[in-house]
Amino acid sequence: MFFFDDIEVGWRRELGKHVFTAEEIKRFASRYDPQRFHMDEEAAKQSNFGALCASGWHTAAVCMRMIVDSTKRLGAEMIERGEKPARSGPSPGFNDLKWLKPVYAGDTITFTSEVVEKRASESRPGWGVIKTRFTGHNQNGVPVYQFDGIVFIERRSA
Amino acid sequence: MSLIYFEDLAAGQVREWGPRTVTREEIVAFASEFDPQPMHLDEDAAKQSILGGLAASGWHTCAIMMRMFCDGLLLNSTSQGSPGIDETLWKKPVRPGDALTVRHTVLETRASKSRPDIGLVRHQCEVLNQRGEPVMEMRFTSMFTKRSAA
């Protein structure tokens, strides 16, 4: 990751894409969210959703995978340029997570991030706090998922 | 147990589910698929991290809470999904072997303005470990079909 000092509000990047297959939707649901509209096509047709769709927590988990992979790529690119990547700390949580539309079996979701706020950490000198808005769009360009994540990032001056 | 409709949920109700033990295997399996950072995967690397030892992905804790919410209430209800989560706080690491309990409180119930068959319920879930320490706290809204619409 870039150092806190080098991150600007408004910085946007595409994190990656993921195809949600019926098989993996049911596999995640069977472990963590076995509601009928995430488990069975026929039952899903009878529900509000109208067709098999992913658990919102499945969408959230896949978004996290995209965040981790993208951060690793960024770090590898920095090392290649001879720079030292900044450490990022654990996250204290998130706000305003929205499941705007169902993610249906077969949908391809593209995840993006945009830095919306940055401030110095009062509790941890040498670190800053970055608030990032993460968004997922489906193959029709419709936003389906969004949340604001908070994470600690090392300062260059530390 | 009879099916839980919107009308059966009232502000102030408290329910508790668990305990559920979180194993090292499932922490690593979830993290390998969804959150492959060293502190969720490898004991030695985790010791070097701020978390000071292997800990579950926060998203894994969310998923475990969801499963306990499903088994405790949703699967026996007229649940119609959720528009989202207002706030989630990851307060302490969840370690291998931790036994988690969910304390669920109904904060508020109201009718949907746009959909007469649906009611909206605002929930709070506190996830506690075996020492009674809160590890996660979450507030969110979800939808239930009304009995009057059944």
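This is a predicted model: local features need pLDDT of at least 70, side-chain atom pairs count only at pLDDT 80 or more; totals for chains, interfaces and linings use all residues.
User: Why is Pro116(B) called exposed?
Analyst: A residue counts as exposed if 12 or fewer other C-beta atoms, placed from the backbone, lie within 10 Å of its own, as buried if there are 20 or more, and as partly exposed in between. Pro116(B) has 11 other C-beta atoms within 10 Å and is therefore exposed. Pro116(B) sits in the loop between β3 (99-111) and β4 of chain B. Its C-alpha atom is 8.5 Å from that of Lys146(B), 30 residues away along the chain.

User: What makes Asp96(A) exposed or buried?
Analyst: Asp96(A) has 12 C-beta neighbours inside 10 Å and so counts as exposed. Asp96(A) belongs to strand β2 of chain A and has a positive phi of about 50° although it is not a glycine. Most residues other than glycine have a negative phi, and most peptide bonds are trans.

User: Which elements are counted in the secondary structure of chain A?
Analyst: Helices (H or I, at least four residues) and strands (E, at least two) are DSSP runs, numbered from the N terminus. On that basis chain A has four helices and five strands, in the order β-α-α-α-α-β-β-β-β from the N terminus on. Buried residues make up 35% of the 158 residues in chain A.

User: How do you know that chain A touches chain B, and how many residues are in contact?
Analyst: Two residues are in contact if their C-beta atoms, placed from the backbone, lie within 7 Å. By that criterion, 25 residues of chain A are in contact with 27 residues of chain B. Both α4 (56-80) and β2 (93-99) of chain A supply at least two residues each to the side of chain A that touches chain B, and α4(A) gives the most to that side, with eight residues.

User: What makes strands β2(A) and β2(B) a pair?
Analyst: Two strands pair if DSSP finds at least two bridges between them. β2(A) and β2(B) (residues 84-90) have five bridges, in the antiparallel sense; Leu97(A), for instance, has Ile85(B) as its bridge partner. Within chain B, β4 (residues 118-128) and β5 (residues 134-145) pair antiparallel over 11 bridges, with Leu120(B) opposite Met143(B).

User: In what order do the strands form the open sheet, and which are its edge strands?
Analyst: The 10 strands follow the order β1(A)-β3(A)-β4(A)-β5(A)-β2(A)-β2(B)-β5(B)-β4(B)-β3(B)-β1(B), with antiparallel pairing. β1 (12-19) of chain A and β1 (14-21) of chain B are the edge strands, as each pairs on one side only.

User: Why are the buried residues of α1(B) placed on the same side of the helix?
Analyst: The buried residues of α1(B) (residues 24-34) are Ile27(B), Phe30(B), Ala31(B) and Phe34(B). The arc is that of the directions from the helix axis to the C-beta atoms. These residues cover an arc of only 95° around the axis, and therefore lie on the same side of α1(B). An α-helix has 3.6 residues a turn, so residues three or four places apart point the same way. The face turned away from the buried side of α1(B) carries the exposed residues Glu25(B) and Ser32(B). The cover over the buried residues of α1(B) includes α4 of chain A, along with α2 (38-41) and α4 (58-72) of chain B.

User: What makes a set of residues a nonpolar core, and which residues touch the most other members of the largest?
Analyst: A nonpolar core is a set of buried Ala, Val, Leu, Ile, Met, Phe, Trp, Tyr and Cys residues joined through C-beta atoms within 7 Å. The largest has 62 residues, and those touching the most other members are Ala61(A), Cys63(A), Ala63(B), Met65(B), Met66(B), Phe69(B) and Val127(B). α4(B) gives the most to this core, with nine residues. Apart from this core lies another, of eight residues, including Phe2(A) and Phe152(A).

Technical notes
Residues are numbered from 1 along each chain as its sequence is written. Chains are lettered from A and ligands numbered from 1 in the order in which they are written.
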